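Please have the sequence and the structure open while I talk.

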Amino acid sequence: MTLALMPLRYRQPFRLCLSGLHCDNKWYNKVCAGGSCSTELAEITVSVVTECGWSEVNESAGEDDECAPDEGEIPMIDEELADLWEEEVCQKPDFQNNLCLQEIWNKMNELNVAFETLTNYTSDAPKVKLCLNVKSIASTKNAQSQLTGVTSSPTVNIDINSNELDRSKLSVAKTILHELIHAELLYWVAEAGGTAHFEEYAQNYSGTDPFKILLEYFKEHGQYISDSKPGWHHEYMADNYIQYMADGLKKLAPFLLSSSFRNYVDGSRFYTSSTEYVDWDWDEFYTGLAWVGLDLTSKWDDMDEITKRKYKGYVNQLKELEVSAAKCN
Ligand SMILES: [Zn+2]
């Protein structure tokens, strides 16, 4: 975003938002001169760079350019391996016929986001054999992952809940990433011969990936119980995958978020209580999204209440402010 013709006394453009949801449509500047401050309507020019959208907003915070690849931080992805893995993912007809899910999945593949999210933590190509589907699930869950087939050749079916698709495309992408991690974990256990053989298999495991750690999580946290116990999968995800999911969402965002949403929230603030507000920060936004579904975990519990409200606030902003054209209906 480019801010043009800003007066020297300009400080920060912002929108007035009440209850974190209802934002005034106008931009304001807080102007301070001679010891007194006032608020006045701001004139700004917005131009969006399609590849990276909102990166220039960081101008006020420093010289960081989010568009510039940082060779030191971004691991190289084996494109060929990623393409091979993606090609092997099966898609059921209903998934293939859903234009919105196709748009999201194709973009995830084009940017290698799925492959990268799974690979970044293990430093190893994903093992799971996947089948993607969309169907009506009789619950408010966004999706479910289930293991099928024999243990020598297991497949994980990811079912996206067709009743819960009236969400932003980026939020649906988050769901897919979340389920992909479930799928990978399910596959690793299947490879061990199921939970009954988990311990024995892990004790003799000679691979270099973090397989043995899974056993510790399994022993400590046990299985998932709806609405009461997050289970070892979610504890593992919360401890190890938040940043990678957030990174993936950041790559997808310029393509899956509407420009109206991006422009609207960029530089804005929202209130999480009558006195507490959050100045929009894109990295925090992606982290907040990545936490969805992991808010019963120990790591979430250990977080301070202000941070929890902040992350929930970001998710709420997306839910309330994204336009319907950028949702899967
Ligand atoms: Zn989950």
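This is a predicted model: local features need pLDDT of at least 70, side-chain atom pairs count only at pLDDT 80 or more; totals for chains, interfaces and linings use all residues.

Is Leu 177 buried or exposed? It has 25 C-beta neighbours inside 10 Å, and because the cut-off for burial is 20 or more, Leu 177 counts as buried. If we set aside residues up to four places away in sequence, Leu 177 touches Ala 114, Thr 117, Met 245 and Gly 248. There is also Phe 115, which is 62 residues from Leu 177 in sequence, while the two C-alpha atoms are 9.6 Å apart in space.

Staying with helix H5, I turn to the core. The largest nonpolar core has 65 residues, and those with the most contacts inside it are Leu 170, Ala 173 and Leu 249. Which element gives this core its largest share? That is helix H5, residues 169-191, from which 14 residues of the core come. Ala 173, once its neighbours within four places in sequence are left aside, is in contact with Ile 104, Met 108, Leu 249, Leu 252 and Leu 256. As general background, nonpolar side chains in soluble globular proteins tend to be buried together.

Next, the sheet. There is an open sheet of 4 strands in the order E6-E7-E9-E8, with mixed pairing, and its edge strands are E6, residues 90-91, and E8, residues 143-148, each of which pairs on one side only. Strand E7, residues 130-135, and strand E9, residues 155-161, pair in the parallel sense over 6 bridges, and Cys 131 stands opposite Asn 157 in E9. Helix H5 packs on this sheet, where it touches E7, E8 and E9, and the direction of H5 makes about 20 degrees with that of E8.

Of its 9 residues, 7 are buried, so H11 is largely enclosed by the rest of the structure. Those buried residues are Trp 282, Phe 285, Tyr 286, Thr 287, Gly 288, Leu 289 and Ala 290, and they pack against H5, helix H9 (242-256) and helix H13 (305-321).

In H13 the buried residues are Lys 310, Tyr 311, Gly 313, Tyr 314, Gln 317 and Leu 318. Seen down the helix axis, they fall within an arc of 155 degrees, so they line one face of H13. Their packing partners include H5, H11 and helix H10 (259-265), together with strands E10 (167-168), E11 (269-271) and E12 (277-279). As for its length, the 17 residues of H13 should span 24 Å at 1.5 Å a residue, which agrees with the 24 Å between its end C-alpha atoms.

Phi of Asn 112 is near 60 degrees, a positive value in a residue other than glycine. Most residues other than glycine have a negative phi. With 20 C-beta neighbours inside 10 Å, Asn 112 counts as buried.

Finally, the whole chain. The protein has 13 helices and 13 strands, and buried residues make up 35% of its 329 residues. Among contacts with a separation of 6 or more, 68% join residues 24 or more positions apart.

Notes: Residues are numbered from 1 along each chain as its sequence is written. A nonpolar core is a set of buried Ala, Val, Leu, Ile, Met, Phe, Trp, Tyr and Cys residues joined through C-beta atoms within 7 Å. A residue is buried if 20 or more other C-beta atoms lie within 10 Å of its own, exposed if 12 or fewer, and partly exposed in between; C-beta atoms are placed from the backbone. Helices (H or I, at least four residues) and strands (E, at least two) are DSSP runs, numbered from the N terminus. Two residues are in contact if their C-beta atoms, placed from the backbone, lie within 7 Å. The expected span of a helix is 1.5 Å times one less than its number of residues. The arc is that of the directions from the helix axis to the C-beta atoms. Two strands pair if DSSP finds at least two bridges between them. Axes are lines fitted to C-alpha atoms, for helices over the stretch in contact, and angles run from 0 to 180 degrees between N-to-C directions.
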